[in-house]
Amino acid sequence: MPFPARCVQIDPFLGRYYTNRSAESIAEELAVHRFNGVQMIITRDSRVHREVLNALRKRKIHVDYTTFGNGAYDTHDLPDGWQEWRMVTRQPMNDGYTRLCLNHPEYRRWKKRQIAAVLRQYPFDGVHIMEPFWPEYPGPTAPAYACLCERCRSLFAQRYQGEQPPEFHDESHPRFWRKQPELYAKWVEFRAQSHTDFLNDLLNGAGGIRKTHPRLPVTVWILAIDAPDPVRFVREVHGQDIAEVGRQVRPDAVCLQTHWPDWIQANLAPDYVRAYQPLVQAARAVRPDLPMMVQADIGSQPQNRRSWQWIEAFREACRSIGVQSTTLYEYMLGMYIYDDPPKAVKATRESRNTVLLVFNKRLDAQSAGEKGRYTFVPSLEINRIEVDGNLVRLYTAPMHARRRYRLTIQNVSDDPSARWLPDTPALTLSKQTVTI
Ligand SMILES: [Zn+2]
């Protein structure tokens with residue numbers, strides 16, 4: 001299958017948008033927006049939405065198992081003793097994310113087993129290793145800067161003839177990182193090598209994805225940021241050396257993840273990705289044919305919700321820097337869910353007495369389920385209506401096979417209670433006529 005160009009991320013367990021509706025309706029909604037790839041975010045490997053996966057694949061949509069590299073939002077599946085794997089951050093963190101040390105051999109072994117087990121159980125088309133970076137922006141002053149665990153310290157000392165890593169707390173310490181540029185440079189190198197080694201192990205090591213599932217394409221995520229030298233910045237701050245990852249790990253594709261200082265901006269121009277061109281060049285310098293994609297955040301915060309128009313301009317800007325594929329976090333966070341009124345985008349006869357309407361978004365089941373909202377010309381009696389997410393099935397009196405019917409839909413609303421943020425009122429389709 002060619003590398004899918006129009007992708008989107010979904011987490012079927014996030015919020016209410018995907019609940020109380022069929023997997024078919026979720027897949028059909030993504031299909032009518034012409035997505036051909038879905039990165040399904042799995043926060044808990046023991047809870048994969050198989051029906052949604054199957055419904056997407058039935059529509060020829062490529063589905064990637066998308067797993068976090070540097071930790072977990074959900075510790076449910078972690079085995080006894082996992083606490084030993086935790087990264088040591090510069091300050092204790094309590095932000096709902098459990099960071100796990102890329103240098104811990106038990107974490108690596110477990111992660112490889114987990115990935116292999118999920119890929120054995122579910123028919124995914126590919127794998128995305130999302131966020132394998134070392135934390136955190138803007139660098140050593142960040143409270144979450146890591147990893148300063150004993151294992152990382154001793155590995156550093158082994159590599160550099162007994163030297164101790166820089167000090168990151170005490171400014172008066174002789175090894176304080178700002179005072180010791182050579183030592184700090186070694187530390188930056190150490191983090192970058194550790195990060196590359198971690199990915200190399202997950203993909204190419206014993207029990208890695210290439211050994212257990214050699215046919216599945218693996219995409220590795222690298223952070224991207226609008227900085228004077230983004231290649232150097234993500235290497236220094238996050239230990240992500242895009243050229244070395246390309247050279248040593250040989251992923252099937254690289255996804256550039258828009259870093260939060262960029263995506264949080266309310267008025268971010270959709271061509272902001274032009275600032276990421278040096279990262280594209282650095283990757284292609286070692287792998288000229290490397291498939292690449294850019295991930296944009298389209299609404300994690302109220303001020304950064306993006307419209308379809310913005311998304312189309314973003315895709316165009318990606319093509320202009322030589323990146324053919326895009327993905328979006330997360331489908332139901334986009335501005336269109338808050339701004340676009342419902343609209344029927346497909347109307348088909350499923351049988352002599354069934355009409356299927358596919359809408360652009362999830363509907364309010366009450367208004368969409370009322371017979372008075374639908375009028376056929378020539379007249380046709382509606383016996384029953386089923387509303388399922390963005391799908392409406394009208395069970396009618398028998399239709400004439402050769403006759404065309406005009407169906408007028410009026411006053412059908414969407415469902416604000418299913419939105420991520422309940423800050424905007426329902427939107428209503430005032431009147432639309434379709435031919436069936
Ligand atoms: Zn560590």
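## Basis of the description

Helices (H or I, at least four residues) and strands (E, at least two) are DSSP runs, numbered from the N terminus. The model is a predicted one, in which local features need pLDDT of at least 70 and side-chain atom pairs count only at pLDDT 80 or more, while totals for chains, interfaces and linings use all residues. Residues are numbered from 1 along each chain as its sequence is written, and side-chain values use heavy atoms, with hydrogens and water left out.

## Backbone exceptions in loops

Most residues other than glycine have a negative phi, and most peptide bonds are trans. Against that background, the peptide bond from P135 to E136 is cis, with omega near 10°, and E136 sits in the loop between β6 (126-130) and α4. Another cis peptide bond joins V377 and P378, where omega is about -5°; P378 belongs to the loop between β13 (374-377) and β14 (382-388).

R34 is not a glycine, yet its phi is positive, at about 60°, and this residue lies in the loop between α1 (23-32) and β2 (37-41). Leaving aside residues up to four places away in sequence, H49 touches P12, F13 and M40, where contact means heavy atoms within 4.5 Å. The C-alpha atoms of H49 and V412, which are 363 residues apart along the chain, are separated by 29 Å.

## Helix α5 and its partners

Two packed helices are described by the angle between their axes and the distance between the axes. Here the axes are lines fitted to C-alpha atoms, for helices over the stretch in contact, and angles run from 0 to 180 degrees between N-to-C directions. Helix α4 (residues 150-159) and helix α5 (residues 181-204) have axes that come within 11 Å and cross at roughly 110°, and α4 and α5 are therefore roughly perpendicular to each other (angles under 35 degrees count as roughly parallel, over 145 as roughly antiparallel, 65 to 115 as roughly perpendicular and the rest as oblique). The crossing of α4 and α5 is right-handed, a term used if the near helix is turned clockwise from the far one by less than a right angle, whereas anticlockwise is left-handed. From α4, residues C152, L155, F156 and R159 meet L183, K186, W187, F190, Q193 and D197 of α5. This contact has 6 nonpolar, 1 polar and 3 charged residues, with Ala, Val, Leu, Ile, Met, Phe, Trp, Tyr, Cys and Pro counted as nonpolar, Asp, Glu, Lys and Arg as charged, and the others, Gly among them, as polar.

Helix α3 (residues 105-121) also packs with α5, at an angle of about 40° and with the axes 10 Å apart, and the crossing of α3 and α5 is right-handed. On the α3 side the contact is made by Y107, R108, K111, K112 and I115, and on the α5 side by S194, D197, F198, D201 and L202. By class, the contact of α3 with α5 has 4 nonpolar, 1 polar and 5 charged residues.

## Helices α8 and α10

Helix α8 (residues 242-249) packs with helix α10 (residues 277-286) at an angle of about 30°, and their axes are 8 Å apart; α8 and α10 are therefore roughly parallel to each other. Their crossing is right-handed. In α8, I242, A243, G246 and R247 meet L279, A282, A283 and V286 in α10, and the residues of this contact divide into 6 nonpolar, 1 polar and 1 charged.

The domain assignment gives domain 1 (7-337) and domain 2 (341-435), with bounds that come from an automatic or database domain assignment. The centres of domain 1 and domain 2, taken over C-alpha atoms, are separated by 40 Å, and the contact takes 21 residues from domain 1 and 18 residues from domain 2.

Between domain 1 and domain 2 the buried area is about 1600 Å², of which carbon and sulfur atoms give 52%; buried area is the accessible area (1.4 Å probe) that two parts lose on being put together, summed over both. Of the area that domain 1 buries against domain 2, R16, Y17 and I337 supply 30%, more than any other three residues.
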